[in-house]
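Have a look at the model first, then read on.

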Amino acid sequence: MITRRFFLSACIAGLPAMKPLAAAAEASRRLVLKSALQLDTPPYAYLDESAMTMRGALIDLLNLLDEPSIGAFLHRGYPLARVQSMVAAGTADVFCCQMTEERLSYACFAPTPIAHLARPRIFFTRDNPNAAAIAAAKSVGELYRFKTVDLIGDSRAEEIFSRHPHRTMVSETRSVVSMLRTGHADFALADPLTLQIKLRELGVQDDISSVSGSHLCGLHPEPIHFGLRKSFPGADLLVAEVDEKIRTRLNANLRQQIMARYVAQPGSRA
């Protein structure tokens with residue numbers, strides 16, 4: 001006969017064996033955050049076509065925030081404009097970018113930057129007949145007579161060149177390089193780390209020159225912030241948790257080490 005004491009003893013004896021099962025069940029219920037990042041902006045984020053997976057400094061930094069109180073990240077790459085539209089529409093949860101008034105309308109941002117963009121430079125081909133004039137330009141207005149190219153959705157370029165009369169918008173960094181090399185654009189204001197990696201990949205680094213763009217966008221590197229769509233359940237609390245982890249975990253030295261993985265060796269994104 002099964003007594004009450006025997007039943008309780010059997011249940012208690014089974015508890016240690018049940019703990020791994022409970023942990024596995026808890027892991028399966030972990031929150032998964034759909035992360036949308038730019039497809040071709042090394043060293044920050046890019047698609048490693050050999051493995052068909054997203055890589056880059058931002059992916060590594062986000063993964064350091066992966067824990068039960070926040071969740072796990074599922075990274076996918078898209079053109080910049082689509083990244084923003086997906087977060088706004090709720091088909092993606094997380095992105096990393098500069099805070100703007102428009103983005104603040106549909107996303108909550110962690111106040112502490114997760115990373116910083118390099119100071120932008122003005123790029124142009126060495127054999128462009130306007131190269132000397134572009135290099136000598138001291139204001140946005142002086143560049144209005146030359147053709148420029150920007151990425152669709154680039155808030156920094158939009159702020160500076162929104163009134164430029166000869167401006168072409170493209171969706172990929174590779175297209176920026178192509179526009180410069182074919183003469184369809186005279187110059188581009190771009191992140192030097194990203195563009196120099198692209199130039200090396202295409203084997204045309206010797207064809208392109210650049211000068212500082214600080215007189216157009218300031219001397220300080222622009223911050224990149226973790227953003228979460230406002231429609232995400234408990235968005236404010238989750239972003240506060242993320243901000244604390246960024247402040248306490250991602251110090252400047254760690255950020256530099258992670259960035260060095262992708263920019264230290266010319267031609268390499270290993």
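1. Ground rules. This is a predicted model, where local features need pLDDT of at least 70 and side-chain atom pairs count only at pLDDT 80 or more, while totals for chains, interfaces and linings use all residues. Numbering runs from 1 along each chain as its sequence is written, and side-chain values use heavy atoms, with hydrogens and water left out.

2. The chain overall. You'll find 12 helices and 14 strands in the protein chain; these are DSSP runs numbered from the N terminus, helices being H or I with at least four residues and strands E with at least two. Of the 270 residues, 46% are buried (buried is under 20% relative accessible area, exposed over 50%, partly exposed in between, with a 1.4 Å probe and protein chains only). As for contacts (heavy atoms within 4.5 Å), 70% of those between residues at least 6 apart in sequence join residues at least 24 apart.

3. An open sheet. Look for three strands in the order β12-β9-β13, with antiparallel pairing (two strands pair if DSSP finds at least two bridges between them). β12 (188-190) and β13 (208-212) are the edge strands with a single partner each, so one side of each has no neighbour in the sheet. Five bridges join β9 (residues 121-125) to β13, and one to spot is F124, whose bridge partner in β13 is S209.

4. Helices across that sheet. Both α8 (residues 173-181) and α9 (residues 192-202) lie across β9, β12 and β13. Relative to β9, α8 runs at about 50 degrees and α9 at about 25 degrees (axes are lines fitted to C-alpha atoms, for helices over the stretch in contact, and angles run from 0 to 180 degrees between N-to-C directions).

5. The whole structure has 12 salt bridges, each a side-chain nitrogen of Lys or Arg within 4 Å of a carboxyl oxygen of Asp or Glu. R249 and E67 meet in one at 2.4 Å, N to O. R249 is in helix α11 and E67 in the loop between α3 (57-63) and β5 (72-78), so the pair ties together parts 182 residues apart in sequence. R249 is partly exposed at 31%, whereas E67 is buried at 16%.

6. D243, buried or exposed? D243 sits in α11 (residues 235-249) and is buried, at 9% relative accessible area. Beyond its neighbours within four places in sequence, D243 contacts A110, P111 and T112. Its salt-bridge partner R247, at 3.4 Å between the closest N and O atoms, is exposed at 51%.
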